[in-house]
Amino acid sequence: MHPLNWAIVVAYLLWVVVDGIRKSKGTDTISGYFIADKSLAWWVVGLSVMATQLSAVTMIGTTGQGATDGLRFVQLYFGLPLAMVILGVTLVPLLHGSGVYTAYEYLERRFDAKTRSLTAFLFLLSRGMSCGTIIAAPGVVLSAIFGIPLAWSVALIGIPTVLYTMIGGVQAVAWADVKQMLLIVVALLAIVVVLVLQMPVSPNEALEIAGATGRLQTFDFSFNLDDTYTFWSGVIGGTFLMLSYFGTDQSQVQRYLTARSVNEAKSSLLMSAYWKIPLQALVLLVGVGVFVYYQFVQPPLLFNPAQEEVVLAEAGATYDDLQERYAAAFSLRETAALEVAAAEAEPTAEAAMQTFLAREADIQAIRGEALALAEEVTGQPSRDVNYIIPRFVLSELPIGLAGLFIAGVIAAAMSSISSELNSLATTSVIDFYRRWVQPEATDAHYLKVSKGATALWGTFACVVATYAATLGSLIEVVNRFGSFFYGSILGVFLLAMMPRAKGTGAFIGLIVGMGSVAAVTFGAPSISFLWHNVIGAGVVVFVGLVLGGLGSGDVPAADGSEPAS
Amino acid sequence: MTEPPVHESPRAVFRRTLVRVLVVQVVSLTLLGLLQIVYG
């Protein structure tokens, strides 16, 4: 990468760390450190919520998915706006008004200690491991692109994040998220501008080509439980997923607990309700644009440069042969694409389209052979969708803009990791250390423990990320296990709003809910994970209500302030 | 004279917010739908 690009990345990292540490003023109490003394404006919280959700995988993986699969992924978010509106009148007033530091703390007030501790433990288990994967995904890509050891790229992302999160607490995290979100949007818009300016055909012709290959197919109205990306999966399953994520996951709940008032907390979530789908569509359209651009500029046969190097060294002759065929097929497809763009009358346009699709199939067949060869030679999966956009950025974007985009990828990773580290530390200290180990201590003591917890979780995440390849199957198991209880935890919070529900019923419901989702996962593995959230929440609510008379529990007031038993 | 503040019920707030959010989503989804219909 050009030194100017590196300078932009380094300048960004320094700015985030220094400014984050400066934001540590007023964090000498646990209220300041964990929830910013409920002092943040709605737009700061709203951008922090969006930045937390938008990880580096969105920047490199989702854009890549747009290039290979088109816009249909956006259907996953169709339930988000409705979920945000529901949360605005249910859980947000309850949690914000009750003066808690964590969502799970509220469950003890409503039910009992065992329900609180189990949900908090499940959060620590799933988020602790996912934090490692959030660093690992961009770490692996940056390591391959720049030819640096994985440990370096993990350190490049992880160390600055741990530093400002540990020292500055939630204020540093929120204000860094604001900067990071703006940087991400600017980086995406910069690519759009470059694509429009450098595209060899007009925007209308580019859309014709994208449409011909099915990449502008957003909506799929089939009702298929096995497919994640359909309208109904998105609207129904997506609503439950987003209710779980934004309503019960401490990494998001803690964002809106920092808002100045309940109304500002609601407004912060509504920012996502308004902007998430357009933003996600923009991310995917960037990928679609890159796909069209590569119809006229020959892309690499393999996008992962590290794998390409190994293949060249160990199966050079076979790979050279594939590259020759690839160049010839590309030339034919380019001609066909230009004919599609030029054709206007219907019969000619249809014939041009058919020729183009046949040439495109040839290209995909050769790519398939190359990927199979890479898998055979390296012994590793060769799916290279995450490398498409970074390779495009580094080879096609002007100097400076490439650095801006790489900084944007790192920013996206940091904004998600910082919120997770912050929430992991909060849950560890509030739901376990203060609850079970040291209930009576000074703020100074809890602050010291909180900073230590942030550093420990950060180190753990970096170690998991560094050994992501060897820990691959373990991470997969934990992620899979995580999907068992996401919807079930939502079910517990839904029960918390129902006067009939009591503690033991909620606790047993949670266990039965997780068991049901596990049974569905293993019994009918083809059912999309989006439906697991619906099943988990439904079973917990059903069991909790059936066992309604068991255990203790106080009915919450509408604003969560005083239980009215 | 200033009007006294009118307090809306949670149900009314929910309905009003939902309508606004839905209007924005309908516009976004219509644009995506048009892309699919015109070019797809």
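Me: Which residues have the most contacts inside the largest nonpolar core?
Reply: A:Ile135 and A:Ala413 do, in a core of 187 residues. Bear in mind that this is a predicted model.

Me: Which helix gives the most to this core?
Reply: Helix α9 of chain A, residues 150-198, with 19 residues.

Me: And where does the core lie relative to the domains, and why?
Reply: Between domain 1 and domain 2 of chain A, because both of them give residues to it.

Me: Back to A:Ala413. What is it in contact with, leaving aside neighbours within four places in sequence?
Reply: A:Ala413 is in contact with A:Ile135, plus A:Ser55, A:Ala56, A:Ile134, A:Pro138 and A:Ile157. A:Ile135 is also named with A:Ala413 for the most contacts inside the core.

Me: OK, domains. How is chain A divided?
Reply: Domain 1 takes 3-294 + 396-471, and domain 2 takes 305-383.

Me: How far apart are their C-alpha centres?
Reply: 35 Å.

Me: And how many residues are in contact across the two?
Reply: Eight from domain 1 of chain A, with nine from domain 2 of chain A.

Me: Which elements give two or more residues on the domain 1 side?
Reply: In chain A, those are α8 (113-146) and α10 (203-212). The largest share comes from α10(A), with four residues.

Me: What classes do the residues on that side fall into?
Reply: Five are nonpolar, one is polar and two are charged on the side of domain 1 of chain A that touches domain 2 of chain A.

Me: Switching to helix packing. At what angle do α1 and α18 of chain A pack?
Reply: About 30°, with the axes 7 Å apart. Here α1 covers residues 3-22 and α18 covers residues 401-437.

Me: Is the crossing left-handed or right-handed?
Reply: The crossing of α1(A) and α18(A) is right-handed.

Me: Which residues meet there?
Reply: From α1(A) you have A:Leu4, A:Asn5, A:Trp6, A:Ile8, A:Val9, A:Tyr12 and A:Val16. On the α18(A) side they meet A:Ala402, A:Gly403, A:Leu404, A:Ile406, A:Ala407, A:Ile410 and A:Met414.

Me: How does that contact split by class?
Reply: The contact of α1(A) with α18(A) has 12 nonpolar residues, two polar ones and no charged ones.

Me: Last one, chain B. How many helices and strands are there?
Reply: One helix and zero strands in chain B.

Me: And what percentage of chain B is buried?
Reply: Buried residues make up 8% of the 40 residues in chain B.

Notes. Residues numbered from 1 in each chain as written. Chains lettered and ligands numbered in written order. Predicted model: local features only at pLDDT ≥ 70, side-chain atom pairs only at ≥ 80, totals over all residues. Core = buried A, V, L, I, M, F, W, Y, C linked by C-beta atoms within 7 Å. Buried ≥ 20, exposed ≤ 12 C-beta atoms within 10 Å, placed from the backbone. Domains from an automatic or database assignment. Contact = placed C-beta atoms within 7 Å. Nonpolar A, V, L, I, M, F, W, Y, C, P; charged D, E, K, R; others polar. Axes fitted to C-alpha atoms, helices over the stretch in contact; angles between N-to-C directions. Left-handed = near helix turned anticlockwise from the far one by under 90°.
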